[in-house]
Amino acid sequence: MNSTHQEAATPSQKPALLEVRELVKYYPGRGVWPKPQPIKAVDNISFAIGYGETLGLVGESGCGKSTAAKTILRLIEPTSGAIVLEGTDIAKLSTSQFRPYRRDLQIVFQDPYSSLNPRMRARDIVAEPLQNFGRSGDCDDDKMAALFARVGLDREAMRKFPSEFSGGQRQRLGIARALALNPKLIVCDEPVSALDVSIQAQVINLLEDLQHELGVSYLFVAHDLAVVRHISQRVAVMYLGRIVEIGPVGELYANPRHPYTQALLAAVPKVGAGLAREKTLLKGDLPSPAKPPSGCTFRTRCPMARSECAESSPQLAAQGPQHWAACHFI
Amino acid sequence: MDLSLERLEQRIARQANQPRALRFARRHPLLVLGLVLLAIVVFLAIFAPWLCANDPTEMNVIARLKPSSAEHVFGTDAMGRDIFSRTLHGARVSLLVGFCVALLSAAVGIVVGTVAGFSRWIDAIVMRFMDGMMAIPGILLAVALMTLTQASVQTVIIAIALPEIPRVVRLVRALVLTIREQPYIQAAHACGTRLPRILARHVVPNLLTPLIVQASFICASAMIFEAYLSFLGAGTPPEVPSWGNIMADGRSVVQLAFGVILYPGLFLGLTVLAVNLIGDGLRDLLDPRIAKKL
């Protein structure tokens, strides 16, 4: 890969906690005829997350952001690429070698309903990661209650089953489970998109408070740009398995360079915005990742597309400090 | 309007005052009916030796094919054996066969189905084998097994359970395939849970509910199956008073003493009905979602 891509992987000066380099995830295509094409869910992405940093990962449904996030935890096995956690490439480890690293990498799922085993009590759900790593000693009542208190659940909640909680409370349980092992990075896979708006704010604030207290890093996957803007320090925009723009949150929202980022931001509804933003509405649907367009994958929906876009694929190029975008015309 | 609301409130208050058992019975009348019926049969089966004055195998040539009387409540069969005693003792065989078959096929089904659901190559081998077994009619398989082995209650249990196993394995496998894609399984992987523990803690508890329902239906059909086999002479050994055997004995004398077939048949029907009612009731009680689908 060229040097700009490597640079894009570096976060703001600090040493990186996690570096993802040229991560690829192809799913084998289905069928016999016509010859199945691999589905390029994640197609060569690189990024890095610093200690205590939140990287937002945005894109529309089906762009591969969840796949990328789960690949980092090896819930999905990557096709190729490196996932470097504090100097160790965890993508190359065997399953048993990787297992200890799970303590540092945890995940909060999108759906607070199906991500909790309905037959287990809240306490057992949260204690499970501790038991898995031989820390049953840390599962006594007081320590568990402290963990529950940390996510805003009371002691009584420990005895309940998931069905006795509300959606927001269930997500707090999911967060408590992720926190139990004191991870360094928590992948938040659309943690609030299934919740009511009023509850979303509570959960976001909880995640922020926990970051301040514990210094945990987040990879925050979402499609809600307002939420991402609120919680992230840096944001990466994905389109059809690739990162098309990555940069510091203020810079990216104030000065989006890639036409896709511009279109996404233009689509965010605004209340009482004085200056009307130039509207670039996207036409059509996301192309199939089994048959991505040649050259720049965004060209089929891009208002600026020219003939050369079909020929070569644009690489991420520096747009400013810590700001990269992949487009031929910027 | 006000009046009906008041009446509704009264009704709710009245229901709230009822004891819990009564409220449960009102809500699930068929389940309770099934439970009561089964409880009666189980009671009669357990206490059969104390409830019957006559030995079920004792022959009395003088008192052949007698109608109901004070001494022989259900009459006697062609060899003068007491039908009441035989029927009650037959309940023991039927219940034993029913429960053991349900338990055995459920246990094998859980183990094989779960492993097949989680391992692709074991799945390929096991499921083809199960397909093969399903291609053989259950009754033929059971009859073949019974002729190859010595007749006893254990072999009857195995012979009936064997054709049931593929169906349970299929059910369990299908359930496991949906459960394994649940995010809570992924969550367990993510927090470092090893596979055996995932199976024991997350998969098996979540497939028990539909399996218990299925097992109750298997229990009912196993009791009928046992009666078939015994009636055909391929079931429990003739000296054991099972319902099928009693009916087989009564077949030739049905015009002389109808009771020989009537009473064990009645018991068989009621017991199977009871178990099926319990199965239906459990399905509604444990998983309303499945109840709507089926």
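Predicted model: local features only at pLDDT ≥ 70, side-chain atom pairs only at ≥ 80, totals over all residues.
A crossing of two helices is called left-handed if the near helix is turned anticlockwise from the far one by less than a right angle, and right-handed if the turn is clockwise. The crossing of helices α3(B) and α5(B) is left-handed. Here α3 covers residues 29-46 of chain B and α5 covers residues 83-118, and their axes come within 8 Å and cross at roughly 115°. Angles of 65 to 115 degrees count as roughly perpendicular, and α3(B) and α5(B) are therefore roughly perpendicular to each other. On the α3(B) side the meeting involves Val41(B), Val42(B), Leu44(B) and Ala45(B), while α5(B) brings Leu88(B), Ala91(B), Arg92(B) and Leu95(B). Sorted by class, the residues of this contact comprise 7 nonpolar and 1 charged, with no polar residue.

The axes of α10(B) and α11(B), the latter formed by residues 243-250, come within 7 Å and cross at roughly 40°. The helices α10(B) and α11(B) are therefore oblique to each other. In this case α10(B) passes α11(B) in a right-handed crossing. From α10(B), the contact draws on Glu226(B), Ala227(B), Tyr228(B), Leu229(B), Ser230(B) and Phe231(B), and from α11(B) on Trp243(B), Gly244(B), Asn245(B), Met247(B) and Ala248(B). This contact of α10(B) with α11(B) contains 7 nonpolar, 3 polar and 1 charged residues.

The C-alpha trace of chain B spans about 75 × 70 × 30 Å along its principal axes. Of its 294 residues, 41% count as buried.

Turning to chain A, an open sheet of 4 strands can be followed in the order β2-β1-β4-β5, with antiparallel pairing. Strands β2 (39-50) and β5 (88-89) of chain A stand at the edges, each with a single partner strand, so one side of each has no neighbour in the sheet. As a rule, strands of a sheet pair through backbone hydrogen bonds, in either a parallel or an antiparallel sense.

Within this sheet, β1(A) and β4(A) pair in the antiparallel sense over 5 bridges, and Leu18(A) stands opposite Leu85(A) in β4(A). Strand β4, residues 80-85 of chain A, is also joined by 2 bridges to β5(A), and these two strands run antiparallel. Leu85(A) has Thr88(A) as its bridge partner in β5(A), whereas Val84(A) stands opposite Asp89(A) in β5(A). The hairpin of β4(A) and β5(A) has 2 residues between the strands, and in this hairpin Glu86(A) takes a positive phi near 45°.

Leu17(A) gives a closer look at the surroundings of this sheet. Leu17(A) lies in strand β1, which covers residues 16-27 of chain A. With 20 other C-beta atoms within 10 Å, Leu17(A) is buried. Leaving aside residues up to four places away in sequence, Leu17(A) touches Ile49(A), Gly50(A), Tyr51(A), Glu86(A), Lys184(A), Leu185(A) and Ser217(A). Leu17(A) and Ala48(A) are separated by 31 residues in sequence, yet their C-alpha atoms are 7.5 Å apart in space.

Helix α2 of chain A, residues 65-72, is likewise mostly covered, with 8 of its 8 residues buried. These buried residues of α2(A) are Lys65(A), Ser66(A), Thr67(A), Ala68(A), Ala69(A), Lys70(A), Thr71(A) and Ile72(A). Just after α2(A), Arg74(A) takes a positive phi of about 55°.

Note on methods
Residues numbered from 1 in each chain as written. Chains lettered and ligands numbered in written order. Pairing = 2+ DSSP bridges. Axes fitted to C-alpha atoms, helices over the stretch in contact; angles between N-to-C directions. Parallel < 35°, antiparallel > 145°, perpendicular 65-115°, else oblique. Contact = placed C-beta atoms within 7 Å. Nonpolar A, V, L, I, M, F, W, Y, C, P; charged D, E, K, R; others polar. Buried ≥ 20, exposed ≤ 12 C-beta atoms within 10 Å, placed from the backbone.
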